[in-house]
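Please look at the sequence and the structure before reading on.

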Amino acid sequence: MCEDLGFERLLSEEGFFARLLGRSPSGGGREPLYGPDLPVVLLTGGPGMGKGRLLRAVRDSFATKVPVIHLDCASPVYAHHAEPEPGARSAATEALVEVARRLSTWQGTGGSFAFPRFFTGLAMIATGVAGGTPDAVAAEVERYEELPQKQRFRGLGAGDFWRGVLRGAIRNLLTTLSGQTLDPYAASVSTALLDALFAGLAPRGRAELARIYGAYPGAAGQPEHGLRGLAADFQAGGEERELAESFLFRALRQDIEAAYASATGWLRRVGRPALLLDHAETPLGEQLLRAVLTDRRGGQRDRVVIVGTARRADGGAFLYGGLPRGEVPPPAEFRPADGGPPEWSRRADAEADRTPLAGGVLLLRMPFLTGDQLRRETERVQRLAEPERGANRRRIDAAVARLSGGRPHTVIRLAAASAAFRMPADANDRDILDAPLRLSGDGVPERPVADVLLQELVLEQLPVRLPTEHHDQWLDLLTHLSVAHDKECADVLLRHHQSGHVHRLTAHHVARLLTDTGWPSCERHFIGDFGLRQLLVHRLYGLRPDGAAWYADHHLLRDHYTARVAAAGRTGDGPPTADGGRTTDGGRTGDGGRTGDGLRTAGAGSATHTGSAADAEAPDGRAFRSVVAHRMNHHLVSGGADDVVRYLAATLPGRPEEWCAELLEIAQAPYPGGADTRRERARGLVTVAGPALRRTVDQLLHAVWLCEERTRPTGRETARTLAKLLDLLSIMEFDGAGQLGRTATDWSGLAENEQPLLRCACTDQLGRRR
């Protein structure tokens with residue numbers, strides 16, 4: 001896998017990170033961006049966008065030139081290390097200690113770092129060890145013995161501080177308190193430890209500790225009070241503990257700043273140090289981000305570059321202080337494709353302490369792969385094969401582009417799986433999802449690439465706030481929701497598939513969790529990311545033999561909207577069909593479903609409206625103009641194509657413009673697995689009974705369905721078919737037929753250029769990434 005795929009400009013000698021860190025990957029100096037008040041940079045993008053891969057690439061490119069520490073905030077190791085002493089450690093302190101330890105062994109320009117300020121706070125919270133004996137306190141403090149030493153700077157000299165604290169003071173503490181059982185809150189242990197910490201410290205060192213810990217809330221400038229308050233808050237837990245942990249993070253950054261700001265550091269150190277927070281959307285990552293953003297909003301300055309990841313497009317709800325997005329100025333953002341990074345400065349505010357944290361953030365939008373980058377990646381993994389392979393590769397390139405939407409991780413996996421894959425004749429793009437993929441080094445058999453992608457994009461990236469009781473069913477719920485269009489039909493599916501569960505998710509909950517995870521939304525599809533939806537549709541069809549799970553979900557929704565129509569009082573005979581018969585809800589289809597509903601509807605919001613009660617119940621913002629169209633969509637994809645044709649043929653005369661819009665809504669659906677006869681049926685190669693109008697509508701429906709599914713190339717052949725059929729309709733004898741000529745021109749032009757006939761957020765995004 002190419003670690004810098006898609007990130008070449010960001011990582012280049014003159015790229016964003018070279019400017020941000022003040023040093024290029026080759027070691028050349030660069031004029032740094034944004035100092036001295038730095039924004040926190042958040043890489044925004046959902047699963048598979050390469051946020052973690054970019055952080056690793058930054059580390060690998062720059063870590064030998066400037067101090068770069070990569071921290072995985074989702075790692076359980078920090079909580080595991082804190083578990084033996086929960087009164088003196090936490091996941092946050094263990095993560096900060098790891099940062100300090102790595103920097104204390106930095107061997108690059110300027111040498112290692114010392115952390116006497118940070119160590120002082122750690123020593124105080126060590127009084128919360130279990131048992132409270134002098135030996136236990138001393139052992140806990142000695143865990144950090146390497147942190148305050150290393151370098152010997154004047155004033156707050158690490159060597160002097162080291163000798164005073166650990167070589168003498170801890171021994172004195174043991175002697176003084178030997179044999180006593182210490183209460184962590186007792187004055188004896190904290191007083192003795194404070195005496196030990198300040199003993200033998202140079203005046204400048206004492207002044208520096210007074211500056212840091214005298215600023216602790218409630219300390220009133222007295223460092224001893226601040227350190228006692230720090231220890232007490234840590235012991236209290238909850239928000240008080242978070243305050244103490246945030247202050248320790250400030251002390252750590254102040255130690256780093258001191259290493260640069262001193263006379264020696266100014267001469268010896270170059271560039272800026274960086275802390276890279278992967279999975280920063282987790283509670284630990286959000287806590288660290290909140291701490292540094294709050295400090296910088298309050299005027300604390302340091303040169304540590306903080307780069308975190310954010311799944312949500314807005315960077316995270318915590319940035320906005322609970323206010324509606326429209327009431328908070330949006331953070332500055334940077335899209336690499338737009339050129340150089342934007343200017344950034346903190347907005348002046350008289351009430352800075354109340355300003356949402358979003359003002360201290362720069363959002364870096366993770367880039368989708370361009371068509372050229374995508375093709376280069378697929379070509380990179382292709383094996384040399386027979387000459388006719390060129391056509392197959394182009395078909396695979398197109399399938400990878402559509403299914404991935406340019407999402408880098410999906411491109412990488414699909415390209416690897418398709419290296420030896422041959423697309424079947426007239427293949428659906430989803431056929432490639434069955435291609436086997438063997439992950440290098442994992443020691444397990446190869447698996448279909450669809451299973452790998454669902455594991456990596458869904459199961460390994462569960463929403464942070466997804467309740468534990470729903471972890472096991474999350475993928476199954478999303479799989480069934482792949483056929484949903486809006487929240488109403490999503491709730492129908494959720495109620496059915498969570499029946500018997502005490503704790504249930506609603507469509508509102510799932511939509512919010514998808515947004516939190518970074519998946520985009522779409523006004524016409526509940527699963528708003530095209531590629532994810534195709535993965536889930538593919539899984540749904542394969543859950544049970546012959547697509548039984550697929551049909552069951554569509555039947556469930558079809559029956560729900562049939563009941564909605566009946567509840568609206570439209571259960572009688574419908575209007576005449578094109579062949580003089582009548583459509584009713586009383587008939588049966590071959591799959592046991594009901595036949596066409598016989599409702600004549602112009603669709604809500606159209607210029608012409610019949611006043612149908614069912615239509616009136618379809619509010620603005622839904623995926624369909626009417627309940628009838630919604631029902632027909634699910635009926636079409638669950639075996640009711642003939643009924644849908646009869647309904648469309650009966651409702652065309654007199655309303656061509658509204659009818660075309662309804663046709664597109666009905667046909668916006670994936671095609672079930674198995675043999676696909678749509679192309680033959682669109683060309684009139686399948687015998688269909690009925691008058692000319694019904695036969696032509698049948699052909700047109702299947703041609704439009706091909707175009708709207710977006711998983712097969714359309715091109716010139718389908719464009720010509722669309723134009724021919726619409727032209728045929730335009731010369732038939734019914735009201736408004738002549739208006740279809742313009743539609744023929746518009747639709748054929750879109751189909752020839754592989755553009756959607758009915759636009760929505762996910763198809764627009766797909767078109768922009770091609």
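At roughly what angle do the axes of helix α29 and helix α30 cross? The axes of α29 (residues 715-730) and α30 (residues 740-752) cross at roughly 175° and come within 8 Å. The two helices are therefore roughly antiparallel (an angle over 145 degrees).

The model is predicted: local features need pLDDT of at least 70 and side-chain atom pairs 80 or more, while totals for chains, interfaces and linings use all residues. Residues are numbered from 1 along each chain as its sequence is written, and side-chain values use heavy atoms, without hydrogens and water.

Two packed helices are described by the angle between their axes and the distance between the axes.

| Helix pair | Angle | Axis distance |
|---|---|---|
| α25 and α28 | about 120° | 9 Å |
| α29 and α30 | roughly 175° | within 8 Å |

In the contact of α29 with α30 (heavy atoms within 4.5 Å), the residues of α29 include A719, L722 and L726, and those of α30 include A744 and W747. By class, this contact has nine nonpolar, five polar and three charged residues.

Helix α25 (residues 641-651) packs against helix α28 (residues 692-709), and their crossing is right-handed. Among the residues in contact are V644 and L648 of α25 and V697 and L701 of α28. The residues of this contact divide into eight nonpolar, one polar and four charged.

Strand β2 (residues 68-72) has four of its five residues buried, that is, under 20% relative accessible area. Five bridges join β2 to strand β3 (residues 274-278), and the two strands run parallel. D72 has D278 as its bridge partner in β3.

Key: Axes are lines fitted to C-alpha atoms, for helices over the stretch in contact, and angles run from 0 to 180 degrees between N-to-C directions. A crossing is left-handed if the near helix is turned anticlockwise from the far one by less than a right angle, and right-handed if clockwise. Ala, Val, Leu, Ile, Met, Phe, Trp, Tyr, Cys and Pro count as nonpolar, Asp, Glu, Lys and Arg as charged, and the others, Gly among them, as polar. Angles under 35 degrees count as roughly parallel, over 145 as roughly antiparallel, 65 to 115 as roughly perpendicular and the rest as oblique. Buried means under 20% relative accessible area, exposed over 50%, partly exposed in between (1.4 Å probe, protein chains only). Two strands pair if DSSP finds at least two bridges between them.
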